[in-house]
Amino acid sequence: EGGDGEGEGEGGEGGSVTKALAAGSLDRVVSKNGFSAAGCSLILSWAGLDSNYSTPLLTSLMGIDTKTWQSLCTDNVGSRLVESLCSMMKVKFRLQMLTALRGSFGSFALDPHGSRVVEACFNVSDLSFKELISKELVEVFEQLSGLRHGKYVARRAKLELFVADRKLWRRGEKKKLKKEQTLESIVGSDNSAIPQISSSSSNASAPKSKKRSRPPTKSGGKNSGQRSTKRRRKQ
């Protein structure tokens, strides 16, 4: 039975074993003694796999309770896990995570590890969610000003401008989002084209090198042959 289950999980047909392993991996990450670095590394490695494997894992991860999210985001190891997942997850799971963290961004920003999560969430959010995060940060703006990591988060979100002129803040964030989207589209097209260009260029270079090497040998052979025949005829 174990062999059949593993085959289904690997083939993406059944997926029951994959779901069970996903739930078990969360138990390795979340423990009474804190968060395991090895378990978090397992989550990140698994999240980067094909959707047949990563989807059950991320679905289980999105089902954890609010207290666990808060502990995860304010932990030295757990915060790095959430930070990495922000950029790795698809929009569907990313939105679920941002929604689960909603209402806690202010408290996270006051924490040295949680501030890392706030910055990561702010970077991957759209304009409306950026504004939501900024509203929560404004509530603890004075406290953030007295903390080193808090000042960095406040600068990243441009809270002073957010409070002074909301419309100007929106225009600035819109421009940034457009630039990021343009850059992502360019980088994406380049990445997809790189293997094609390299493979075609390597194949095309081989015949060219042969063509360049053939003319001198052929011309040299003809000249030497003509000279030798002329000498023989004279003799």
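Trainee: How many of the 11 residues of H9 are buried?
Mentor: Buried means under 20% relative accessible area, exposed means over 50%, and partly exposed is in between, with a 1.4 Å probe and protein chains only. Helices (H or I, at least four residues) and strands (E, at least two) are DSSP runs, numbered from the N terminus. By these rules H9 is mostly covered, and the number of its residues that are buried is 8.

Trainee: Before we go on, from which number are the residues of each chain counted?
Mentor: This is a predicted model, where local features need pLDDT of at least 70, side-chain atom pairs count only at pLDDT 80 or more, and totals for chains, interfaces and linings use all residues. Side-chain values use heavy atoms, with hydrogens and water left out, and residue numbering runs along each chain as its sequence is written, starting from 1.

Trainee: Thanks! Which residues does Ser115 contact, leaving aside neighbours within four places in sequence?
Mentor: Ser115 sits in helix H9 and is buried, at a relative accessible area of 6%. Contact means heavy atoms within 4.5 Å. With the neighbours within four places in sequence set aside, the partners of Ser115 are Phe108, Ala109, His149 and Val153.

Trainee: Which elements give two or more residues to the lining of the second largest cavity?
Mentor: On a 1 Å grid over the protein atoms alone, a cavity is a set of points where a 1.4 Å probe fits but cannot get out; a pocket is an open set with protein on both sides within 12 Å along at least five of seven lines, and lining residues have an atom within 4 Å of a point. The residues lining the second largest cavity are Val118, Glu119, Phe122, Leu137, Val153, Arg156 and Ala157. The elements that give two or more of them are H9 and H12.

Trainee: How much space lies in the second largest cavity?
Mentor: Grid points are joined across faces, edges and corners, and a volume is the space filled by probe spheres set on the points. The count of cavities of 30 Å³ or more comes to 2. The second largest cavity holds about 40 Å³.

Trainee: Which element gives the most to the lining of the largest pocket?
Mentor: The largest pocket holds about 270 Å³ of space. Two or more of its lining residues come from each of helix H9 (114-124) and helix H14 (166-234). With 4 residues, the element that gives the most is H14.

Trainee: How many charged residues does the lining of the largest pocket have?
Mentor: Ala, Val, Leu, Ile, Met, Phe, Trp, Tyr, Cys and Pro count as nonpolar, Asp, Glu, Lys and Arg as charged, and the others, Gly among them, as polar. The lining includes Arg94, Asp126, Glu180 and Glu184. Its residues divide into 3 nonpolar and 4 polar, and the number of charged ones is 4.

Trainee: How many residues apart in sequence are the parts that Phe105 and Phe129 tie together?
Mentor: Rings of Phe, Tyr and Trp (its six-membered ring) pair if their centres lie within 6.5 Å; planes under 30 degrees apart count as stacked, over 60 as edge-to-face and the rest as tilted. The structure holds 2 aromatic pairs. Phe105 and Phe129 form an edge-to-face pair, 6.4 Å centre to centre and with 85 degrees between the planes. Phe105 lies in helix H8 (residues 105-110) and Phe129 in helix H10 (residues 127-138), so the number of residues in sequence between the parts they tie together is 24.

Trainee: Are the rings of Phe162 and Trp169 stacked or edge-to-face?
Mentor: Phe162 is buried, with a relative accessible area of 2%, and Trp169 is buried too, at 1%. Their ring centres are 4.8 Å apart and their planes stand at 80 degrees, so the pair is edge-to-face.

Trainee: Which residues does Glu131 touch, not counting those up to four places away in sequence?
Mentor: Glu131 lies in helix H10 and counts as buried, at 13% relative accessibility. Beyond four places in sequence, Glu131 touches Phe162, Arg166, Trp169 and Arg170.

Trainee: One last point: what value is phi of Lys158 near?
Mentor: Lys158 lies in the loop between helix H12 (148-157) and helix H13 (159-164), and is partly exposed, at 34% relative accessible area. Most residues other than glycine have a negative phi. Phi of Lys158 is positive, near 55 degrees.
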